[in-house]
Amino acid sequence: MLPGCSILIPTRNRPEILRRSLCKLKEIGLGGVPVIVFDDASDDGAAVRRAAAVWQGATVVRSTARRGQSVGRNVLMRSCPTEHAVFLDDDQYFLDLGRLRDYLGRSPAAPAIVAFQSRLESEVQRRTRELTR
């Protein structure tokens, strides 16, 4: 659990990748953290909502016209209900929480930039293809 933190994810037309990333986040124990997904006018908005539904309580904010990741991140930030926010792409997930949990447990008056390891789904797929050749 990450106290006072939400996970914010912009996406477009990649519901299956979004679903896998959310499942990976649950596997490392983040199931209670608020998640907000910005759907940038995906062709199948219902598929994005179904993918996000693997995360209990996930909120999907959908745009009916393409607005781009920058606008999507701004919309997500304005929708964030917590003091802290972690932005992830739809094909990204944590390998572990590292120092992020430690930082969030400190005083909110102590700002910092926190680096953490994450894995890109595309990197996993590329490595899998290389190993199966």
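**Exposed and buried spots**

Modeller: Let's start with G57. G57 is exposed, with a relative accessible area of 60%. Keep in mind that this is a predicted model.

Colleague: Okay. Where is G57 found?

Modeller: G57 sits in the loop between α2 and β3. In sequence, G57 and P34 are 23 residues apart. In space, their C-alpha atoms are 7.1 Å apart.

Colleague: Now D39. Buried or exposed?

Modeller: D39 is buried, because its relative accessibility is 0% and buried means under 20%. D39 lies in strand β2.

Colleague: What does D39 touch?

Modeller: Leaving out residues up to four places away in sequence, D39 touches T11, G45, V48, V60, V61, R62 and S63.

Colleague: Let's switch to helix α2. Which of the residues of α2 are buried?

Modeller: Helix α2 covers residues 45-52, and its buried residues are G45, A47, V48, A51 and A52. Seen down the axis of α2, these buried residues fall within an arc of 160°, so they line one face of the helix.

Colleague: And what do they pack against?

Modeller: The buried residues of α2 pack against β1 (5-11), α1 (15-27), β2 (35-40) and β3 (59-63).

Colleague: Tell me about α1 and α2. How do their axes cross?

Modeller: They cross at roughly 10°, and the axes come within 8 Å. Angles under 35 degrees count as roughly parallel, and α1 and α2 are therefore roughly parallel to each other.

Colleague: Which residues make that contact?

Modeller: From α1, they are P15, L18, R19 and L22. From α2, they are A47, V48, A51 and A52. By class, the contact of α1 with α2 has seven nonpolar residues, no polar ones and one charged one.

Colleague: New topic: the nonpolar core. Which residues touch the most other members?

Modeller: The largest nonpolar core has 20 residues, and I7, I9, L25, L30 and F94 touch the most other members. The elements giving two or more residues to this core are β1, α1, β2, α2 and β5 (92-94).

Colleague: Take L25, then. What is L25 in contact with?

Modeller: Setting aside neighbours within four places in sequence, L25 is in contact with I7, L30, W55, L88, Y93 and F94.

Colleague: What about a second core? Which residues does that include?

Modeller: The second core is separate and has six residues, including L8, F38, V75 and C80.

Conventions: Residues are numbered from 1 along each chain as its sequence is written. This is a predicted model: local features need pLDDT of at least 70, side-chain atom pairs count only at pLDDT 80 or more; totals for chains, interfaces and linings use all residues. Side-chain values use heavy atoms; hydrogens and water are left out. Buried means under 20% relative accessible area, exposed over 50%, partly exposed in between (1.4 Å probe, protein chains only). Helices (H or I, at least four residues) and strands (E, at least two) are DSSP runs, numbered from the N terminus. The arc is that of the directions from the helix axis to the C-beta atoms. Contact means heavy atoms within 4.5 Å. Axes are lines fitted to C-alpha atoms, for helices over the stretch in contact, and angles run from 0 to 180 degrees between N-to-C directions. Angles under 35 degrees count as roughly parallel, over 145 as roughly antiparallel, 65 to 115 as roughly perpendicular and the rest as oblique. Ala, Val, Leu, Ile, Met, Phe, Trp, Tyr, Cys and Pro count as nonpolar, Asp, Glu, Lys and Arg as charged, and the others, Gly among them, as polar. A nonpolar core is a set of buried Ala, Val, Leu, Ile, Met, Phe, Trp, Tyr and Cys residues joined through side-chain atoms within 4.5 Å.
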